[in-house]
Amino acid sequence: MKIPYLNLGNMHEPLKEELMQQFEAVLDSQWFIQGKKCTEFENDFAEYCGAKYCVGVGNGLDSIRIILQAYGIGEGDEVIVPANTFIATVLAVSYVGATPVLVDADEKTWNIHLDKIEEKITDKTKAIIVVHLYGRVVEMDPVMKLAEKYNLKIIEDSAQGHGALYHGKVTGNLGHAASFSFYPGKNLGALGDSGAVTTNDKELADKVRAICTYGSYKKYDHQLKGCNSRLDEVQAALLSVKLKHLNDWNEERKNIAAQYNEKITNPRFTLPLVEERDTHVFHVYPVLCKNRDKLITYLEDLGITTNIHYPIPIPMQGAYPELRDTIEEYPVTKRICAEEVSLPLYPGMTQEEIDYIINAMNLYEG
């Protein structure tokens, strides 16, 4: 049996006619940037998240960077970020001239270690970026208490957390602002790069929109040093179609993950912690395995394709040589990066495929 790591066709094929209709509608309108389709998606996604405002942008990285710029965070400031994350989270901080301050992962949740954040706060700290990594929402109450105590902005990196709930609230409405990526493989994915910012702060939303439109609140009047980062009409139209199915797709993901968690009993693996069903939407199903390369080869030989999120810790990336000597300060992150393997998990998987993967994992002898 051949099982790919990801198969987007399962989601797209049933929607193909509607997607094509939306594409043709945009084509016929001859309006491709900042039109009705973008406004419709922004309104729909804001409502989905329970936020007052949504601003579509070019990609997930830009969404974080523009939030930081809109808050006036820059040179001389510090922003706390998890050590266990995709590099985009940290790059956004660097792009505005601020200093990323890393916090190790929690050995249970694999998200930012909540008890280790406060010790990293200084008089230069302006914000904390929490990442709902792998689709597991960060416990936000302790983070928001720190925000109140130290007057900090809390930014959600929800690139992997579309639709995850925390006390009944959807990601994108848990902090002061949130960034989203709609990279094609995300739980809600476009057919190209795109992203969004959500917030309940009108002033911030207006400033984000201005920054991503060349720093202009009105055409040809540039009050800010902005950029060009906008959600185009085609992607907005296609995302609107797919948004209607996001909850159903997330339910499929959670159902598959529940089977993995219950039926993979091989003690050689550490499986992801799930405390409440709705707090994890399983953008990724990660397992930890001490001899990762051997597992990957074993599964490949059985026709099962896997992935790694992420093999190189931020301090070991060539882009951050100044952090290289700090790697031992992040032992949990170091372990996750060395042992993590992502199993296939996506809407439309058959029961036969799921059972085949479970059986293969249980038969693995290391």
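The entries below take the pockets first, then a helix, then single residues.

**Starting point.** I am working from a predicted model, and I keep that in mind for each entry.

**Largest pocket.** I looked up the largest pocket and found a volume of about 580 Å³. Its lining comprises 32 residues, and those that lie nearest its centre are Phe86, Gln160, Tyr183, Lys186 and Tyr310. The elements that contribute two or more residues to this lining are α4 (60-70), α5 (87-95) and β8 (177-181). Sorting the lining of the largest pocket by class, I noted 16 nonpolar, twelve polar and four charged residues.

**Tyr310.** The peptide bond that joins His309 and Tyr310 is cis, with omega at about 5°, and Tyr310 itself sits in the loop between α10 (292-301) and α11 (331-339).

**Second largest pocket.** For the second largest pocket I have a volume of about 440 Å³. Here 22 residues form the lining, with Arg136, Val137, Glu139, Tyr166 and Glu275 nearest the centre. By class, the lining of the second largest pocket divides into eight nonpolar, six polar and eight charged residues.

**Helix α6.** Which residues of α6 are buried? In this helix, which spans residues 140-150, I found Met140, Val143, Leu146 and Ala147 buried. They fall on the same side of α6, because the arc they cover around the axis is only 120°. On the face turned away from the buried side of α6, I noted the exposed residues Lys145, Glu148 and Lys149. The cover over the buried residues of α6 includes β4 (125-131), β5 (153-157) and β6 (165-166). Just after the helix, Asn151 adopts a positive phi of about 55°.

**Gln259.** I next turned to Gln259, which lies in helix α9 (residues 246-263). Buried or exposed? Gln259 has a relative accessible area of 17%, and it therefore counts as buried, the cut-off being under 20%. Its side chain makes a polar contact of 2.7 Å with the side chain of Gln351. Not counting residues up to four places away in sequence, Gln259 touches Ile264, Gln351, Ile354, Asp355 and Ile358.

**Thr171.** I then looked at Thr171 in the loop between β7 (169-170) and β8, where its relative accessibility of 0% makes it buried. The Thr171 side chain reaches the backbone oxygen of Gly161 at 2.7 Å. Leaving aside neighbours within four places in sequence, the contacts of Thr171 include Cys49, His132, Val137, Glu156, Ser158, Gly161 and Phe180. Val137 in that set is also one of the residues nearest the centre of the second largest pocket.

**Positive phi in loops.** Last, I checked two loop residues. Trp110, in the loop between β3 (99-103) and β4, is not a glycine, yet its phi is positive, near 70°; Trp110 is buried, with a relative accessible area of 3%. Tyr134, in the loop between β4 and α6, likewise has a positive phi, of about 65°, although it is not a glycine, and Tyr134 counts as buried at 1% relative accessibility.

Terms used:
Residues numbered from 1 in each chain as written. Predicted model: local features only at pLDDT ≥ 70, side-chain atom pairs only at ≥ 80, totals over all residues. Heavy atoms only, no water. 1 Å grid on protein atoms, 1.4 Å probe; cavity = no way out; pocket = protein on both sides within 12 Å on 5 of 7 lines; lining within 4 Å. Points joined across faces, edges and corners; volume = space filled by probe spheres on them. Helix = DSSP H or I, 4+ residues; strand = E, 2+ residues; numbered from the N terminus. Nonpolar A, V, L, I, M, F, W, Y, C, P; charged D, E, K, R; others polar. Buried < 20%, exposed > 50% of the residue type's maximum accessible area, 1.4 Å probe, protein only. Arc of directions from axis to C-beta. Contact = heavy atoms within 4.5 Å. Polar contact = N/O pair within 3.5 Å; in protein donor to acceptor, adjacent residues only side chain to side chain.
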